[in-house]
Amino acid sequence: MVDLPRTDIVLGLLREPDGRVWAELRPDGKHLAGLRAFPGGKRVDGETPRAALVRELDEEIGIRVQRARRLITLDWDYPDRHLRLIGFEVTAWAGWPRSVEGQALLAEPLDRDTRGDWLAAMPSANRGLVNALVLPRCIAITPPVGIDGLTAWQARIESYLHSLPAPMMVNLRPGSATTNVDLPWPALARAVLAAGHWPVANPASGHPWPKGLDPRVGLHLNHGRLMSMRAEEVWETQVCGHLVSAAVHDRATLARAVDLAVDLVIVSPLRQTATHPGVSGMGWAAFAQLAAAASMPVYALGGVGPHDLPCVWRRGGFGVAAISAFW
């Protein structure tokens with residue numbers, strides 16, 4: 001296999017105080033003409049990513065960056081080249097974004113409700129960047145249904161929702177005890193949404209995704225669904241507005257998640273946990289390798305909590321997922 005040359009692309013994700021985000025329209029005659037793109041360009045040899053960002057945004061849209069933070073770094077392969085997309089969230093700048101190179105510019109709201117419109121208007125390579133602008137940094141995975149049954153489990157989950165710092169993603173995972181039970185997915189999703197969070201349905205292994213849910217409800221691929229679901233099924237789900245997450249444990253499952261173009265992955269186990277006492281954690285080095293090869297936001301799971309976010313960010317991850325840290 002031939003190693004493709006790697007090109008670093010720095011991108012400015014300019015967010016206005018009212019939540020609008022700036023983009024440019026690719027002009028006719030250019031690659032991906034007519035689609036939206038975030039302003040930016042190639043990092044040259046010897047240039048730091050931030051210096052490249054400052055230079056590119058000055059040259060391309062005529063602004064001087066004053067405040068920017070590195071939001072996410074993603075890998076993306078084309079047949080003839082390998083790109084590393086380095087996205088900076090820019091929240092303060094001098095000057096007004098203007099067309100220096102003849103491209104049209106726009107600023108429109110980007111949030112959970114408009115995410116689908118942005119994704120439909122941008123190249124596939126930018127999916128991870130769009131998601132990084134709207135996804136929360138923490139995922140609260142529910143504990144499984146216990147011996148007290150489904151009704152008690154549901155009541156416990158709903159009672160805790162308002163104590164979770166909003167917004168947060170809530171992965172509704174009832175576990176294997178509900179294999180022969182019809183779960184009230186719409187009611188669970190409504191409760192999570194009402195508390196200001198982002199619900200994700202994660203049925204027990206062997207169960208299909210629930211149908212007819214609010215488009216704001218995400219759907220999770222556990223290992224079985226990840227390996228068996230067709231890319232067309234995932235795409236059709238995303239076109240309907242649903243976010244799709246996936247469980248990843250190694251290079252093979254990450255490659256499968258990339259092939260399916262999921263919106264985020266949860267990498268586990270980082271450390272050994274009480275819920276899986278016989279499984280050793282992969283450690284930070286292995287996590288960093290997986291994060292570096294991902295084309296979507298990567299969350300760490302297994303013995304981590306919100307206090308581990310700086311460690312996750314230093315290893316190229318986006319956020320954390322946990323059970324005991326939140327419930």
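**Strands and sheets: a quick tour**

Hi everyone, let's begin at one residue pair: Leu25 stands opposite Ala104 in E7. Before going on, please keep in mind that this is a predicted model.

Step back, and you see an open sheet of three strands, ordered E3-E2-E7, with antiparallel pairing. Its edge strands are E3 (36-37) and E7 (104-109), each pairing on one side only.

Now to another sheet, also open, with four strands in the order E4-E1-E6-E5 and mixed pairing. Here E4 (40-42) and E5 (64-78) are at the edges with a single partner strand each, so one side of each has no neighbour in the sheet. On average, neighbouring strands in this sheet are turned by 20° against each other, ignoring direction. Strand E1, residues 6-14, runs antiparallel to E4 and is joined to it by three bridges; Val10 has Gly41 in E4 as its bridge partner. Lying across E1, E5 and strand E6 (81-94) is helix H3, residues 127-134, which runs at about 135° to E5.

Last stop: strand E11, residues 218-221. Are its faces covered or open? Both are covered, with Gly218 and His220 buried on one side and Leu219 and Leu221 buried on the other. As for partners, E10 (residues 198-201) runs parallel to E11 and is joined to it by two bridges, with Val200 opposite Gly218. E12 (residues 244-248) also pairs with E11 in the parallel sense, over three bridges, and there Leu219 has Val244 as its bridge partner.

Thanks, and I'm happy to take questions!

Technical notes. Residues numbered from 1 in each chain as written. Predicted model: local features only at pLDDT ≥ 70, side-chain atom pairs only at ≥ 80, totals over all residues. Heavy atoms only, no water. Buried < 20%, exposed > 50% of the residue type's maximum accessible area, 1.4 Å probe, protein only. Pairing = 2+ DSSP bridges. Axes fitted to C-alpha atoms, helices over the stretch in contact; angles between N-to-C directions. Contact = heavy atoms within 4.5 Å.
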